[in-house]
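Take a look at the model first, and then we can go through it together.

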Amino acid sequence: MAFKYSNVLACAPLEYRSIQEMAASMEKAKSEGADIVELCLDSIFASSLAIPEEVDGLIMQRTLPSVVSFRLNSPRITKGSCKTTCLQVLKRALELDVEFVEMDYEVAVDTNMAFMYKRSKSKIIVSSYFNGERPSTEKLGDLVALMQSTGADVIKLEIAVDFITDIPPIFTMLTHCQVPLIAVAVGSRGLISQLLGPKYGGFLVYGSLEEKPVPGLPTIASLRQVYKLEHVNPNTKVFGLISNPVGHSKGPLLHNPTFRHTGYDGIYVPMLVDDIKEFFKTYICSDYAGFSVGIPHKEAAVTCCDEVHPMAKSIGAVNTIIRRPLDGKLVGYNTDCEASISAIEDALRERKVTCNGAHTSPLCGRIFVLVGAGGAGRALAFGAKERGARVFIFNRNYERAKSLADAVSGEALPYECLEKFCPEKGMILANSSAIGMDPNSHQTPIPKESLKAYELVFDAVYTPKNTRLLKEAAEVGAIVVSGVEMFVRQALGQFKLFTDGLAPERFMRKLVLEQF
């Protein structure tokens, strides 16, 4: 099979128990956009159904360029037979001129490996798994030097990481390695090692099939359709969502197409961050140009900034951080406040809810009931106060509710009182908590019967778009405002900050309607 490559390759690793499953999955990988597949043959040889002739057929009839691998330390095969079988499989793959043969470093230094140098067309990938200690540039560099001495055409490092802050040494290796390098940060914190691999010169990145997701790997479909890694280059600016959890975010679906639409050389990636202060101590390069900040970091983010916009400082929460190009300082903003409050106001105005004056907010004088006292809750509370609403706050942690209520001259009440709280009809309810977010979409912060006291119900949760809270509010006749509306408005604000003014509202709204 003729095989040429110029851009980074998108590879789908295939681990199945039968030849038939592996052949079928190769077709799926091809349809989802993979350039190449890794045939993990140790997964097949773990089964007594493995027949050499059938394995030959799989390789010879492959419909995509392939890497044939066989893990020397495969947990699936008894140790006594593993090495013998491994050598037999790899030798046969070379004889069949497969595009790449991957072997463990331990195999590559074996004295019986002279056959690998007699190959005609196949390229040799030598791989090693780094585990048990935090990766450093020095330790990885020493390992790479040993692996290069084997004469490998390509080197592959699989590195176990506990935190996203363990990844920068991997990027350093990608940049400076003298031979093509594949680097995979293994685990849920390692996702950006694949998404940003092309920026640092990675030879190949991995993506899973839609039907078989792997923690820490993007899907092949997302690499092709969302991130479009063929456009990522050393000059690409990096933007991302700092959050924990981060998997629910729709940000990449919105920001990445908008970067391309405006011609801006940027990529927006999910960043699963445990310690935001440590993150900013680690990622100091000017190429990391801007960040969205999500749960639970919005309040802690304030202390990470060199400067904070006055509104964000008042709120005590930041949802956007920009690294100022002029001096590299981190500047914090809050686009949640205006996004959420304006969405509520516009919904009330559409129903022609009366105001005390032509320029008065429809929230003025109204009871504004807020569930949650985190970063998004603080934005809603300060926004409602600024518009003249009377703010009542309910939170499972009463002390947090009390602290926020004092800051906005509001009132905090025990969370247990929310169900029966009804000093008047026609109130506004805003849920800023994560109650009702996927995968817990069956949950709601308040019983349906209690919703009859509210004229409008807003839910900051946007996955799912139509939460149980909003469904039940609509059923009792309330105006409902989805978190999707807040999402697109705050994203517009963020994108303007990311790109110094670019924000195609019509395009971004169209994207949101298509994706949600």
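A residue is called buried when its relative accessible area is under 20%, exposed when over 50%, and partly exposed in between, using a 1.4 Å probe and protein chains only. By that definition, F279 and Y283 are both buried.

Please keep in mind that this is a predicted model: local features need pLDDT of at least 70, side-chain atom pairs count only at pLDDT 80 or more, and totals for chains, interfaces and linings use all residues. Residues are numbered from 1 along each chain as its sequence is written, and side-chain values use heavy atoms, with hydrogens and water left out.

**Aromatic pairs**

- F100 and F203 are edge-to-face, because their ring centres are 5.9 Å apart and their planes stand at 70 degrees.
- This pair joins distant parts of the chain, 103 residues apart: F100 belongs to strand β4 (residues 100–104), while F203 lies in the loop between α8 (191–195) and β8 (204–206).
- F100 counts as buried at 2% relative accessibility, and F203 is buried too, with a relative accessible area of 11%.
- F279 and Y283 have ring centres 4.7 Å apart and planes at 25 degrees, so they are stacked.
- One aromatic cluster is formed by F239, F259, Y264, Y268, F495 and F498.

**Charges over rings**

- A charge sits over a ring if NZ of Lys or CZ of Arg is within 6 Å of the ring centre and within 35 degrees of the ring normal.
- K212 places its charged end over the ring of Y16, 4.1 Å from the centre.

**The chain as a whole**

- The protein chain has 19 helices and 20 strands, taken as DSSP runs numbered from the N terminus (helices: H or I, at least four residues; strands: E, at least two).
- Its C-alpha atoms fill a box of roughly 85 × 50 × 40 Å along the principal axes.
- Of the 516 residues in the protein chain, 56% are buried.
- Among contacts (heavy atoms within 4.5 Å) with a separation of 6 or more, 68% are between residues 24 or more positions apart.

Methods:
Phe/Tyr/Trp six-rings, centres within 6.5 Å; stacked < 30°, edge-to-face > 60°.
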